[in-house]
Amino acid sequence: MKKLRALAPYLGLAAAFLLFAALGPAEFHGAYNLKTILTQSVIVGVGAMGMTFVIISGGIDLSVGSLIALATVALARMLNLRGDAVPAWLPWAAGAGAIAVGAMGGLCNGFLSARLRIAPFIVTLGTMQIFRGGAKWLAREQTVTAPATWLNGLMEVDPVPAWLWLAPGVWVLLGLAAAVAVILRYTVFGRHVYALGSNEATARLCGIPVERRRMLIYAVGGALAGLAGVLQFANLTLGDPTAAEGMELDIIAAVVIGGGSLRGGEGRAAGSLIGAMLMAVLRNGCNMAGIPNYMQNIVVGAIIIGAMGLDRLGNKR
Amino acid sequence: MARELTVPLLRLRGVRKAFGAAQALRNADLEIAPGEVHALVGENGAGKSTLISILGGALSPDAGSLEFLGAPYRPAGPREARNLGVAVVHQELALAPHLDVEANICLGRERSRLGFLIGQERRARETLEWLGYGHLDPRARVGGLGVAERQIVEIARALFQDARLILMDEPTSSLPAHDVENLFAVIARLKARGVSVVYISHFLEEVARVADRITVLRDGETAAAGLPASTPARDILAAMVGRPLGEIFPSIHRNLGDTLLSVRGWVSRPGAAPADFHLKRGQILGLAGLVGSGRSSLLRSLYGLRQAEAGETEMAEARGREGSGKRIGFLSEDRKEEGLALNLSVRANATLAGLARFVGPAGLLRLGSEARAVRDVCASLRVRYLDPDQPVGSLSGGNQQKVALSRLLLGDCEVWLLDEPTRGVDVGAKAEIYRLVAQAAADGKAVLWSGSHLPELFGICDSLAVMHRGAMSPVRPVQGWSESEVMAWATSGKADPA
């Protein structure tokens, strides 16, 4: 049963893909559309990598959608600092700045939930509003245009240089997923993330600095939301305070579909990656097959519930 | 005996029950007389809980005959069993914490008019008074009550619903001593009213006091049925383990070495007298005392899980030791809630406190050497498991406890603070834990063993102190204590209560 649970996301992805390949137009399984699907999974995927840490540790972060928007606006503002003559270092600095903004937001979440012991659901429900408001304030309630830089090319389905073959953002996601998998399995920090989610009292007993670890976990989650914001910016080529509204739910769904348990202690980087890809296949496939938008919502909802159902079955034994 | 002549309340013959390939019950017999307190004993995994679940209607047997009051008894579920007059008081109490006492007592037997509830406070109160708990407010929220009171609410519910037979699954395992006495009084009242009680317990002294007859289960079979309560404990134990009981306490020779930990003026909770003691290498110092006497607070404060009020500790210089691992290890009394992360693997639980040892270059864990270390330590502790990556929650209680202990071994701790290390562990595993701790002491560890079971403390420890209201008696060799002196200290804080 456990084995089946670990395989479920892969089987789900394969099934969804084959279904649309059979139903949809031939373009669906063409190379270009496959590259498109991968690119469409990047933003949710990067966010899901951070959410994987948070969910395994027994937490939840509803504020990532707002953080992504805040990061796009912060990035656009920073790119405007030198007018149109953008120095070579500025895109790097602005990207790092956007990630830092995300990390700070995550740290706030961690501080409030770990130190002040407010339930993370409530904390991030609150900061979801606060960060969204912050983004709108920083953007003066409108989209923020920015001078064109190489950042805009991160999400090109046909990348420059062409030998990259996939959009740079896809490579970022794949590299990140590999790194998260290694961290979760091969580092003390990763082991502590699982221990915190499985039984916090045991973790404390074993000398793990529980509060500090939780703050770090939320900060990492926030930083990766910031990185997702950089990629969102690349997608839009501007800062948008209303971007990624509701995306936190897609991100959480990706982690849960991938085997993450909201009760903590379970979850895997590869699963979350597959979960994000499954979400992208569903949306893209429905579009290509001309399935109306309302049907997409129903299908995605059913998949999330089905994944949770598997989770329960797997735990009943 | 006259009782033999009356029609039994309940009679089970050749009851069988399998879960997949595992045969939980292969041939269980049980006979309960009206108004009798019948103890059901056996090692963990002997089938006691399965039998209780069958009687309570939660499981249905694969084969066998069951008769209740002379009629075939096959309840379709717990509700039907209850309606027939069989109620279970669970180990994990089955109450609704957000509802008040009355609502819990009446749960499932609410009366209403036109859909509106009719209060049954008077009857609920009567039931409580009858149990000797008239002071319990029927309006009190159950979530705010202690374990003992919740148990009374469950028993009251069973009575309220006219139970003829009440099944109690380890009712005293989480009760402080004086509540145990109250429970015994309640059981005596039930008996006087003609209600039968099936009583499951690990504590044979308790069984001898409370039960009329004893049935022993072993490997899903009835090993001895209806023994009189006067049967010597040794014979009951022999029936439980299926062989004459050898020496369950190890005879490993230990030499006391130099002092490892000195504790001076230690006050672990407000208002208690300060404690002074030393722990030497090779020593097992027992800490007796009632539940709530401050044994856990002392251990937890020494380990740093709670702030001490005052006092200082001094560790002797480390010798022949590299690395910065913690030199003090702690075993929690609450394995499920605190001691172990149950859905994590055996491996992750065993090394959680000592991961630093396995960090290789680039900050990555060396999983191979970690697995080897876990396999070695599990082999030396005789942990029965399939795979280091299986969840620790899937092991039996005794094996879980050994995994929790392996953490101290893997962490290379020198001072072992053990809080009730054999709680909820069967006889066989207990003997192995004794052996392992004695071996660790012989290897130069210093052990502080907190326990509530006196024969165990006398068997395993070489010196003993007793806690009373947070204060600690002087430390004396075990030969210098008698059981009655320990009880006197535990209950009055003085050697001589008179």
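How much area do chain B and chain A bury between them, and what share of it is on carbon and sulfur atoms? The two chains bury about 1900 Å² between them, with 64% of it on carbon and sulfur atoms, where buried area is the accessible area (1.4 Å probe) that two parts lose on being put together, summed over both. On the side of chain B, L352(B), L365(B) and L367(B) lose the most area to chain A, and together they make up 27% of what that side buries.

The model is a predicted one, in which local features need pLDDT of at least 70, side-chain atom pairs count only at pLDDT 80 or more, and totals for chains, interfaces and linings use all residues. Residues are numbered from 1 along each chain as its sequence is written, chains are lettered from A and ligands numbered from 1 in the order in which they are written, and side-chain values use heavy atoms, with hydrogens and water left out.

**Between the chains**

In terms of contact (heavy atoms within 4.5 Å), 28 residues of chain B meet 21 residues of chain A. The count of salt bridges between the two chains is one, the term standing for a side-chain nitrogen of Lys or Arg within 4 Å of a carboxyl oxygen of Asp or Glu. This salt bridge is formed by R191(A) with E370(B), and their closest N and O atoms are 2.7 Å apart. The elements of chain B that give two or more residues to the side touching chain A are α10 (335-339), α11 (346-351) and α12 (367-380), with helices (H or I, at least four residues) and strands (E, at least two) taken as DSSP runs numbered from the N terminus.

**Between the domains of chain B**

Chain B is divided into domain 1 (2-241) and domain 2 (259-492), with bounds that come from an automatic or database domain assignment. Their C-alpha centres lie 34 Å apart, and the contact takes ten residues from domain 1 and nine residues from domain 2. The values for the two interfaces are set out below.

Helix α8 (residues 233-241) of chain B gives the most to the side of domain 1 that touches domain 2, with three residues.

**Two local sites in chain B**

Q283(B) is placed in the loop between β14 (275-280) and β15 of chain B, and Q283(B) is buried, with a relative accessible area of 7%, buried meaning under 20% relative accessible area (1.4 Å probe, protein chains only). The side chain of Q283(B) reaches the backbone nitrogen of K280(B) at 2.8 Å, while a polar contact of 2.9 Å joins the side chains of Q283(B) and S463(B).

In helix α16 (residues 483-492) of chain B, the residues V486(B), A488(B), W489(B) and A490(B) are buried. The buried residues of α16(B) pack against β15 (284-288), α15 (454-460), β20 (463-468) and β22 (476-477) of chain B, and the helix α16(B) is followed by G493(B), whose phi is positive, near 75°.

Conventions: Buried < 20%, exposed > 50% of the residue type's maximum accessible area, 1.4 Å probe, protein only. Polar contact = N/O pair within 3.5 Å; in protein donor to acceptor, adjacent residues only side chain to side chain.
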